Amino acid sequence: MSSFSVTEPSNRTKWFAGTLVILYALITMIPLVWIALTGFKSPADAISYPPKYIIGGESEAGFEPTLEGYVNLFTTRTRQTQEFLHANPPENWADEIVRQYDMVIVGPSKFGQRFLNSVIIGFGSTFLSVFLGTLAAYAFSRFKIPLADDLLFFILSTRMMPPIAVAIPIFLMYRQLGLSDTHLGMILLYTGVNISLAVWLLKSFIDGIPTEYEEAALIDGYTRFQAFYKVVLPQAATGIASTAIFCLIFAWNEYAFAVLLTTANAQTAPPFIPTIIGVGGLDWPAIAAGVTIFLLPVMIFTILLRKHLLRGITFGAVRK
Amino acid sequence: MAEVSLNNVSKAFGATQAVEDITMTIEDGAFVVLLGPTGAGKTTTLRLISGLEKLDSGSVHIEGRDVGQYTPAQRDVAMVFQQYSLYPHLTVRENLAFPLRSPILKTPENVIAKKVQEIAEILQIPHKLDNKATALSGGEMQRVSIGRALVRDPQIYLMDEPLSSLDAKLRADLRVQLKRIQADLGSTLLYVTHDQIEAMTMATHIGVLEDGKLVQYGTPKDIYENPKSVYVASRLGLPRINILPADLFPGSHKGTQIGLRPENILQADASGDGIEAKVLRSEHLGDQIRLHLDVRGHAITTLSDPQQDYTANETIKITPQSPLYFDASGMRVA
């Protein structure tokens, strides 16, 4: 490498950029790491001062990791008399943990079911948004649609108002239609909010794919729809992956509508986690455990799709 | 392979009349070249035959059937695009196999493997078969895109300047190959080009387009020797035909403009017959010499044999031979 290069940044620039990125990563990671650690602390360690942040060890800042928070998150427990506890020895390791507070596990908590609701509603609405969004975006991008610009503006305009502003009409509508507290209702609602984002994002991606590929496929003996999924979809993978991530993040994190529209049946994790606070004092480790588990699906989903996000745009076999 | 005929075909894009009232029959087994400058309607004609564009009026028949309502797939045509249009997410092998795997052809995999290998060897790209289509040079991409058409046995091959971005040697090789394949298989081929050597060497028929209209259709010899207009005459021949006022030359004339092919100008020494011309420049091309002459303010290009070496500012005599006459509007009169 020459001592001076226009395209290659200097070593000093690289060091500076690297340091900045690491600093930024640390700052954004600290809360997450703190939450994950708290999930493995006892309630006493969770609120101790000075704080404890080293797993194990004898030092001032060390704490003994425990699954107490996770046990409390997934179970319901009752306090029992000493006689009862002596007569019934602990059945498993989880039971053993709660015995130290003179409690026994009487059954699962609702967290598992709420988490499953989140998965069904989050991924269901993400799939539906991306599926419909891709088809609509393709149509807007390729076909002459009467009033296409106005329709696109209309679709965008559904985003101009904070969704919660229409909470009350939606609440009344859903009660009338029997969609309140159902998975289908929540999937439709989140899809309705996400679809505008999906159409606009995907349209710009599909616009970037030259129509020559589809024409070549049409000539090569394929129908329009076959050309779409054999030639356009693979090239739109980057756009579809990023759109799916955006849609999932919204549907997964949504709190206000979930509080308003779901109760016993279709309640998602976000409105459930705070209810842990109300049950038997501030059980920070259980809340932290719930938040940690809640974070995982979006993280895993994003990591799985990272290949498509980073693959870059492979256009280039069409001469301009 | 089949006969393809266009009957009074027209197509406009907005206010632009891209193709106007074209009637033409491409006979079974013919190699037809469309000539014309950019914007003359060559590519649009191909797209109308392939079904990528809908006709405004007229009809297209393939093997006697009106294909107006057929999709491109149903028309069974193969096309080489000017922008190679290789599928970027597929390898070269997958690109070549793509048309064979279509729901219309459903070729067995062992046949596909054989055909792909064959075509790759003809196009000199067998070592690139497992490369991504995007990892090729421009010339290689163009060869793959020709290959994607040649693996098929369609009613007609449509090719839009398929050799335009190849280097001179490869272009000459492929020109011979294409012509050989076409002659061997008896394929029907409609070919768009700017390159008159391609047109003259490969075509059985040439169609000359001007502003969306087919102005002349015939064999290369016919088009070269009997052009209907100045426009057609200028499309073929290198150096280009000299178009001059007829009265530059003595004698009676049948038109106001005279067209002289460079090879149809007889030269003689200053003491010989003919009208006077001043040599401006002489270019040695090895097998011939190009002479740039000035005759009373009109530039004329002609060819002389390599032995006859004129120098600049020398005065010579020239005599026209087998002149073509055109009227003031450029139409051929004799």
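In the predicted model, the contact between the two chains takes 25 residues from chain B and 21 residues from chain A, two residues being in contact if their C-beta atoms, placed from the backbone, lie within 7 Å. On the side of chain B that touches chain A, two or more residues each come from helix H2 (72-75), strand E6 (77-80) and helix H5 (138-150) of chain B; helices (H or I, at least four residues) and strands (E, at least two) are DSSP runs, numbered from the N terminus. E6(B) provides the largest share of this side, three residues. By class, the side comprises 18 nonpolar, seven polar and no charged residues, where Ala, Val, Leu, Ile, Met, Phe, Trp, Tyr, Cys and Pro count as nonpolar, Asp, Glu, Lys and Arg as charged, and the others, Gly among them, as polar.

Chain A is divided into domain 1 (39-109) and domain 2 (112-310), with bounds from an automatic or database domain assignment. Their C-alpha centres lie 38 Å apart. The contact between these domains takes 13 residues from domain 1 of chain A and nine residues from domain 2 of chain A. On the domain 1 side, helix H2 (43-46) and helix H3 (68-74) of chain A each supply at least two residues, and H3(A) gives the most, with six residues. Seven nonpolar, four polar and two charged residues make up this side of domain 1 of chain A.

Residues are numbered from 1 along each chain as its sequence is written, and chains are lettered from A in the order in which they are written. Local features need pLDDT of at least 70 and side-chain atom pairs count only at pLDDT 80 or more, while totals for chains, interfaces and linings use all residues.
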